[in-house]
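Open your viewer and get ready to select residues by number. We will take a short walk through the inside of a protein.

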Amino acid sequence: PDESDLPPVGGWGMIHGILNVRKEKGFTSHDVVAKLRGMTRQKKIGHTGTLDPDAEGVLPVCLGKATRLCEMMTDKEKAYEAVLVLGKETDTQDLGGQILNETETNHLTKAEVEEAILSFLGSYDQIPPMYSALKVGGKKLYELAREGREVERKARRVEIRSLRVLDTHLPEVRFEVVCSKGTYVRTLCYDIGRKLGCGGCMGDLLRTKSGAFTLATSHTLSEIGEYLESGRIGEILIPIDAMFPDIRRVTIKAGQEKSVYNGNPLRKGQLEDGENLCPEDGEQIRVYGSDGTFLALYIYRKSRESYAVEKMFYSPE
């Protein structure tokens with residue numbers, strides 16, 4: 001059935017906004033979405049960046065009209081705490097995989113290990129692991145890996161923006177990393193191990209930040225369930241427009257909302273105090289209805305002297 005046919009949970013109907021989920025070990029990102037669909041009784045839900053089943057931490061999930069944000073949010077910077085285990089290489093590049101090689105690490109010193117880790121600060125070319133969701137020839141790499149096949153993967157430029165060693169008890173090192181979209185932390189661990197000549201893989205992984213979302217404000221699925229059942233989900237639901245705090249807020253004049261609903265360009269005269277706007281080409285605005293409802297993101301096109309719709313977040317029922 002369509003979600004509109006299902007009874008609301010805790011007095012709520014269709015939910016529109018973002019939940020900062022703390023994914024626990026044992027769940028895939030897809031599992032989290034599936035469980036939230038069951039809990040909220042609505043289908044329109046999507047996550048903003050895959051976390052491996054054994055990893056835990058921040059996983060922003062978009063509901064309802066907020067699913068239009070998913071693509072925009074996957075590009076955000078992410079931060080992790082990870083454990084590097086030296087002396088072991090596995091087929092998945094983490095401890096959950098099958099061990100391929102084991103090497104003695106007694107000769108390693110704390111100083112040389114930490115130096116090797118910090119040497120990855122900045123940009124470097126990273127080869128994605130076989131056990132990943134990237135596609136080659138229309139098939140996901142992990143599907144090929146499970147068939148016992150290994151294919152050539154192109155290296156991708158990633159950026160390690162911050163690296164900090166938190167604790168060293170060889171052969172294990174716990175470190176914090178802030179990195180760009182598309183960085184595989186388990187591959188980083190593998191690459192560090194290769195640089196040291198002993199091999200390495202990832203132990204635990206905790207995502208502490210994804211864009212503006214942090215671990216401190218995240219909630220487990222069971223906690224979210226309690227908010228839903230008590231009708232208090234609004235206390236932890238992040239509004240869609242909160243994702244654009246630095247973009248100018250503009251209200252459309254009463255009676256002009258239909259232009260937005262139809263996705264039409266907007267001229268300054270259709271906006272409250274619009275004649276006083278002096279936008280640069282490419283400047284974005286948040287457009288609100290006269291009742292304060294967030295409607296859409298628009299972008300100024302100087303050549304046309306008007307704003308064009310960039311992303312629609314509202315349509316009349």
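The tour goes through the cores and then the largest pocket.

This is a predicted model, where local features need pLDDT of at least 70, side-chain atom pairs count only at pLDDT 80 or more, and totals for chains, interfaces and linings use all residues. Residues are numbered from 1 along each chain as its sequence is written, and side-chain values use heavy atoms, leaving out hydrogens and water.

**Stop one: the largest core.** Select Leu 84, Phe 175, Val 177, Val 185, Leu 188 and Leu 196, which have the most contacts inside the largest nonpolar core, a group of 27 residues. Such a core is a set of buried Ala, Val, Leu, Ile, Met, Phe, Trp, Tyr and Cys residues joined through side-chain atoms within 4.5 Å; buried means under 20% relative accessible area with a 1.4 Å probe, protein chains only. Among the elements giving two or more residues are β4 (78-86), β11 (172-179) and α5 (185-196). The largest share, five residues, comes from α5. (Helices, H or I, have at least four residues and strands, E, at least two, as DSSP runs numbered from the N terminus.)

**Stop two: another core.** Now pick Leu 36, Ile 45, Leu 221 and Tyr 227, which are among the 17 residues of a core lying apart from the largest one.

**Stop three: the largest pocket.** Select Thr 50, Leu 51, Asp 52, Tyr 184 and Arg 186, the nearest to the centre among its 40 lining residues. β12 gives the largest share of this lining, five residues.

How values were computed
Buried means under 20% relative accessible area, exposed over 50%, partly exposed in between (1.4 Å probe, protein chains only). On a 1 Å grid over the protein atoms alone, a cavity is a set of points where a 1.4 Å probe fits but cannot get out, and a pocket is an open set with protein on both sides within 12 Å along at least five of seven lines; lining residues have an atom within 4 Å of a point.
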